Structure formats: structure tokens, C-alpha cells
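Me: I would like to read this model feature by feature. Please give the general idea each time, then the case at hand.

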Amino acid sequence: MIPERCTFCKGTLHEGKTEFIASETRSSSSKMSLLSVCDHCDEVYYGADVSRKIEAVMRGP
Ligand SMILES: [Zn+2]
């Protein structure tokens with residue numbers, strides 16, 4: 001899950017997206033809101049669905 005605040009610097013998170021996520025989600029559905037980026041340290045947080053997708057991609061077919 002995406003925390004309300006950055007767990008590293010307690011900075012504010014804002015919605016964001018990466019090209020990696022965009023390419024992965026483009027064909028199925030747009031889930032850009034499941035990604036948050038810290039305003040302060042640029043730490044990226046993924047929602048549960050996106051994390052699962054990335055795991056699948058990393059593991060390969
Ligand atoms: Zn941060």
C-alpha cells in the first residue's frame with residue numbers, strides 16, 4: 001500500500017508515473033494513480049496492483 005507520508009523523510013507524496021508503469025499498464029487499464037512519488041527525496045511508492053505487475057515482469061514469463 002502507498003503510505004500517506006514518505007516513510008524515509010516524512011515528505012509529502014504526490015501522484016506520479018513512470019514510463020515503465022505506463023508501458024505496463026497501457027494495454028490493460030490506466031492505473032497511474034497507484035503510484036506516488038515523494039516531493040522531497042523522490043522515493044517512489046507503488047500500489048498493490050502495480051507491485052504485483054512489476055514482480056511478474058521481473059520474474060519473466
Ligand atoms: Zn521522501
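Me: What percentage of the 61 residues in the protein chain do buried residues make up?

Reply: Start with the term. A residue is buried if 20 or more other C-beta atoms lie within 10 Å of its own, exposed if 12 or fewer, and partly exposed in between; C-beta atoms are placed from the backbone. Here buried residues make up 11% of the 61 residues. Keep the source in mind: this is a predicted model, in which local features need pLDDT of at least 70, side-chain atom pairs count only at pLDDT 80 or more, and totals for chains, interfaces and linings use all residues. Residues are numbered from 1 along each chain as its sequence is written.

Me: Which pattern does the protein chain follow along the sequence?

Reply: Helices (H or I, at least four residues) and strands (E, at least two) are DSSP runs, numbered from the N terminus. The protein chain has 2 helices and 3 strands. Along the sequence they follow β-α-β-β-α.

Me: In what order do the 3 strands form the open sheet?

Reply: Strands of a sheet pair through backbone hydrogen bonds, either parallel or antiparallel. Two strands count as paired if DSSP finds at least two bridges between them. In this model the order is S1-S2-S3, with antiparallel pairing. S1 and S3 are the edge strands, each pairing on one side only. Neighbouring strands are turned by 30 degrees against each other on average, direction ignored. For such angles, axes are lines fitted to C-alpha atoms, for helices over the stretch in contact, and angles run from 0 to 180 degrees between N-to-C directions.

Me: How many bridges join S1 to S2?

Reply: S1 (residues 13-15) and S2 (residues 35-38) are joined by 3 bridges. One partner pair is Glu15 with Ser36 of S2. S2 also pairs with S3 (residues 44-46), again antiparallel, over 3 bridges. There, Ser36 stands opposite Tyr45, and Val37 stands opposite Val44.

Me: Which residue takes a positive phi in the hairpin of S2 and S3?

Reply: Asp42 does, in a hairpin with 5 residues between the strands. Its phi is about 65 degrees, although Asp42 is not a glycine. Asp42 is exposed, because it has 11 other C-beta atoms within 10 Å. Compare Lys10, in the segment before S1. Lys10 has a positive phi of about 65 degrees and is not a glycine either. Lys10 has 12 other C-beta atoms within 10 Å, so it is exposed.

Me: Which residues does Cys9 touch, not counting those up to four places away in sequence?

Reply: Two residues are in contact if their C-beta atoms, placed from the backbone, lie within 7 Å. By that test Cys9 touches Cys38, His40 and Cys41. Cys9 lies in the segment before S1. Cys9 counts as partly exposed because it has 13 C-beta neighbours inside 10 Å. For the protein chain, 44% of the contacts with a separation of 6 or more join residues 24 or more positions apart.

Me: How many residues does H2 have, and what is its reach?

Reply: The expected span of a helix is 1.5 Å times one less than its number of residues. H2 (residues 48-59) has 12 residues and reaches 17 Å from first C-alpha to last, close to the 16 Å expected. H2 is hardly covered, with 1 buried residue among its 12. Just after H2, Gly60 takes a positive phi of about 90 degrees.
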